[in-house]
Amino acid sequence: MVEWTQEERVIIKEIFSKLNYEDVGPKSLCRILVVYPWTQRYFAHFGNLYNPEMILANPKIANHGVVVFRGLEMAVQNMDNIKNTYANLSKLHSEKLHVDPDNFQLLADCITIVIATKMRSAFTPEKQATWYKFLSVVVSALSKQYF
Amino acid sequence: MTLTAKDKEVVKGFWAKIAPKIEDIGEDALSRMLVGYPQTKTYFSHWKDLSPGSAEVRKHGKVVLSGVGEAVKTIDDLTNGLLRLSELHAFQLRVDPANFKILSHCLLVVLAIKFPDDFTPEVHVSMDKFLGAVALALSEKYR
């Protein structure tokens, strides 16, 4: 059972409240597809992913970036019950999408980097630590239904 | 995942921007590692103050980033270039190699904060590859 302090809850909600999903969503996806190119295997049907400019101009990426962050929002709104909130999403990633769960951590790292470029020095070591804890719980919950 | 000529060019170019700020960047990266990944504090039990911005953190941050700078200079042959540091980490410090990844990530976060426009996905991938190669060279003598 994950325990959150009041301070941690405030930090997570505060970071989220400042995010523009249409901006950070596609940027996070672009980063994972460029930095860890093997992840492109899951997006072969998205069309043109040749270089960062093409990726950012791709409407399917734009759409999917928002989908990912709406999914994260679910975790923010149910911080005391992320595992159950994500039960169906986990099954989806395992049984339908067949995503290697190691990729969840890669995307988490890319999201962190993009948020760092936005928040800059406001993303203090303490906020980074809380954010990492939150994403670790998300990654764990998404990996739970794999067998 | 070897470093291509392009990777090396990108790393050297980006390092030119980093070099004037290695003390600040080193301190910030180390602070983030110690705060975000408390298991890493076990390697610094001999320090008085492990809090962000302490004198020890600042001094050591500079040491670490200077080491990375050495790696940039010997980017064409990291194994030999980092021989001294590899022996240090293997026989004296004995840092579990998993921690190299953690510090690398924290360094990338600091670079994203300090250079939000320059730290593009292309620079990110070359830096990530480079830091991975440095970690590999550092663990060369472990076993």
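How do the residues of the lining of the largest cavity divide into nonpolar, polar and charged? In this predicted model, that lining comprises four nonpolar residues, four polar residues and one charged residue.

**The cavity**

- The structure contains one cavity of 30 Å³ or more.
- The space within the largest cavity comes to about 50 Å³.
- Its lining draws on both chains: Q105(A), A108(A), D109(A), T112(A), Q128(A), Y132(A) and L135(A) are joined by Y37(B) and H105(B).
- Two elements of chain A, helix 7 (102–119) and helix 8 (125–143), each give two or more residues to this lining.
- Helix 7 of chain A provides the largest share, namely four residues.

**The largest pocket**

- The volume of the largest pocket is about 1100 Å³.
- At least two lining residues each come from helix 7 of chain A and, in chain B, from helix 1 (5–18), helix 4 (78–81), helix 6 (98–114) and helix 7 (121–138).
- Helix 7 of chain B makes the largest contribution to the lining of the largest pocket, with ten residues.
- By residue type, the lining of the largest pocket consists of 22 nonpolar, eight polar and ten charged residues.

**The second largest pocket**

- The second largest pocket has about 770 Å³ of volume.
- Its lining is made up of 34 residues, and H60(B), V64(B), H89(B), L103(B) and L138(B) are the closest to its centre.
- Helix 2, helix 3, helix 5 (83–93), helix 6 and helix 7, which belong to chain B, each give two or more residues to the lining of the second largest pocket.
- The element that gives the most to this lining is helix 3 of chain B, with nine residues.
- The lining of the second largest pocket holds 22 nonpolar, ten polar and two charged residues.

**A buried serine in chain B**

- S54(B) is located in the loop that runs between helix 2 (22–36) and helix 3 (55–73) of chain B.
- The relative accessible area of S54(B) is 6%, which is under the 20% limit and therefore classes the residue as buried.
- A polar atom of the S54(B) side chain lies 2.8 Å from the backbone oxygen of D49(B).

How values were computed
Residues are numbered from 1 along each chain as its sequence is written. Chains are lettered from A and ligands numbered from 1 in the order in which they are written. This is a predicted model: local features need pLDDT of at least 70, side-chain atom pairs count only at pLDDT 80 or more; totals for chains, interfaces and linings use all residues. Side-chain values use heavy atoms; hydrogens and water are left out. On a 1 Å grid over the protein atoms alone, a cavity is a set of points where a 1.4 Å probe fits but cannot get out, and a pocket is an open set with protein on both sides within 12 Å along at least five of seven lines; lining residues have an atom within 4 Å of a point. Grid points are joined across faces, edges and corners, and a volume is the space filled by probe spheres set on the points. Ala, Val, Leu, Ile, Met, Phe, Trp, Tyr, Cys and Pro count as nonpolar, Asp, Glu, Lys and Arg as charged, and the others, Gly among them, as polar. Buried means under 20% relative accessible area, exposed over 50%, partly exposed in between (1.4 Å probe, protein chains only). A polar contact is a pair of N or O atoms within 3.5 Å; within protein, one must be able to donate a hydrogen and the other to accept it, and residues adjacent in sequence count only if both atoms are side-chain atoms.
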